[in-house]
Amino acid sequence: MSAKIISGKEVAETIRKELKVEVDELKEKYGVTPGLVTILVGENPASVSYVTAKQKAAHELGFYSIQDNQPADIAEDALLALIEKYNNNPAIHGILVQLPLPRHVNETKVLYAINPDKDVDGFHPVNVGKMVIGERCFLPCTPHGILELIIRSGAQTKGAEVVVVGRSNIVGKPMVNLMLQKRAGGDATVTVCHTSTKNMVEHTKRADILIVAAGRPKVITADMVKDGAVVIDVGVNRIGKTPEGKAILCGDVDFDAIKEKASAITPVPGGVGPMTITMLMKNTVQAAKQAAGL
Ligand code: NAP
C-alpha cells in the first residue's frame with residue numbers, strides 16, 4: 001500500500017484563499033488592513049529566503065508589509081528600540097524577528113520585547129503560557145500548521161497514540177501541548193522522544209501519528225514505523241546542491257521506504273514548510289481583527 005501524500009502546498013493554498021477573502025472583507029467593511037513587519041538582522045542566506053517568502057505571501061494577501069533589514073552588528077539596545085517603535089505603530093499588527101539572531105544579541109530578551117498582542121510567531125511567554133492552558137492565543141506557526149494538516153487530512157486524534165520526536169521550543173514542545181489539549185485535533189495520548197530516549201523504536205512503533213522534528217536526515221527508518229501510521233516530517237536538511245547550485249533537501253524520515261508502510265505522509269519539500277508561512281499570515285489577520293475589536 002502506498003501512503004496518501006499530505007500536500008502542505010495544497011492545504012496552504014486553500015487556507016491562503018480563505019484568508020484573502022477575509023482580508024478583502026476586513027478592508028472593505030471595516031477599513032482594516034493587516035500590517036506585518038519582518039525584521040532581518042544580517043544576511044544569513046536561509047533567513048533571507050524565509051523572510052522573502054513571508055513578505056511575498058503578505059504582499060499577495062494585500063497586507064501592509066514592511067521588510068526591515070538591519071546590519072549583523074546592530075547593538076542589542078538598538079534592536080530593542082526598533083521593536084518598541086513597531087509595538088507603538090498602530091498600522092503594524094504583527095512583528096516577526098527572523099531567527100537566529102547574531103550571538104551578541106540576547107534572543108530571549110528580543111522575543112520578550114515584542115508586545116504579546118503583536119507576537120504573530122507565538123514565541124512570547126504570554127502566548128506560550130496561554131497555549132499550555134488552552135486559552136485563545138497566537139499559536140507558534142510550525143506546530144499550528146502541523147495541527148491544521150492533521151485535522152484536514154482527516155486523521156483521528158482523539159485517543160490516538162501520538163509520538164513527537166524532538167523537544168525544541170519552536171516545534172517539539174508546543175506540538176506536544178497542542179496534541180494534548182482536550183479539543184478537536186487534540187485529545188491524544190502523547191509521548192515525546194529526544195536524544196536521551198532509550199529504545200526510541202519502542203515508542204515510534206506505537207505511534208498512530210508520528211511527528212518528527214529532529215533535524216537529522218532520515219533518522220526515522222521504515223522499521224521504526226507502525227503499519228498505517230500518519231507520518232508528519234518537519235525536518236528540513238540541506239544534503240547537497242544541484243549542478244545549478246540549488247539546495248537538495250531531505251526530511252527527517254526515510255520518505256521512499258516509509259510511504260510504502262504509512263497510511264499518510266508529508267513530503268519534504270512541500271509538506272510542513274508551506275504551512276508555516278501560511279499560519280504566520282493567519283496569525284497576522286487574527287492580530288489585526290483583535291486590534292480592531294472584531
Ligand atoms: P532543534 O532545536 O535542533 O531540536 C531538535 C530536537 O530533536 C531536539 O530536542 C533533539 O533532542 C532532538 N533530536 C535530535 N536528534 C535526535 C535523535 N537522533 N533522536 C531523537 N531526538 C533527536 O530543531 P528544531 O528547531 O525543532 O527543528 C527540527 C527540524 O525541523 C529541523 O530540520 C528544522 O530545519 C525543521 N523545521 C522546519 C520548519 C518548517 O517550517 N518546515 C520549521 C521549524 C523547523 P535534545 O533536546 O535531546 O537535543
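**Ligand contacts and the sheet**

Trainee: How far is the polar side-chain atom of arginine 167 from an oxygen atom of the ligand?
Mentor: For arginine 167, the distance is 2.8 Å, a polar contact (N or O atoms within 3.5 Å). This is a predicted model, where local features need pLDDT of at least 70, side-chain atom pairs count only at pLDDT 80 or more, and totals for chains, interfaces and linings use all residues. Numbering runs from 1 along each chain as its sequence is written, and side-chain values use heavy atoms, leaving out hydrogens and water.

Trainee: And threonine 195, how far is its polar side-chain atom from a ligand oxygen?
Mentor: A polar side-chain atom of threonine 195 sits 2.4 Å from an oxygen atom of the ligand. With valine 236 it is a polar backbone atom, 3.0 Å from a ligand oxygen.

Trainee: What share of the ligand does the protein bury?
Mentor: The protein buries 71% of the 930 Å² that the ligand exposes taken alone (Shrake-Rupley, 1.4 Å probe).

Trainee: Which residues come nearest to the ligand?
Mentor: Out of 22 residues around the ligand, the nearest are Arg167, Ser168, Thr195, Val236 and Thr276 (a heavy atom within 4 Å counts as near).

Trainee: Switching topic, what is the strand order in the sheet?
Mentor: The open sheet has 6 strands, ordered β1-β11-β8-β7-β5-β6 with parallel pairing. Strands are DSSP E runs of at least two residues, and pairing takes at least two bridges.

Trainee: Which strands are at the edges?
Mentor: β1 (4–5) and β6 (189–193), each pairing on one side only.

Trainee: How many bridges join β1 to β11?
Mentor: There are 2, and the strands run parallel, with β11 covering residues 264–265. Lysine 4 has alanine 264 in β11 as its bridge partner.

Note on methods: A polar contact is a pair of N or O atoms within 3.5 Å; within protein, one must be able to donate a hydrogen and the other to accept it, and residues adjacent in sequence count only if both atoms are side-chain atoms. Helices (H or I, at least four residues) and strands (E, at least two) are DSSP runs, numbered from the N terminus.
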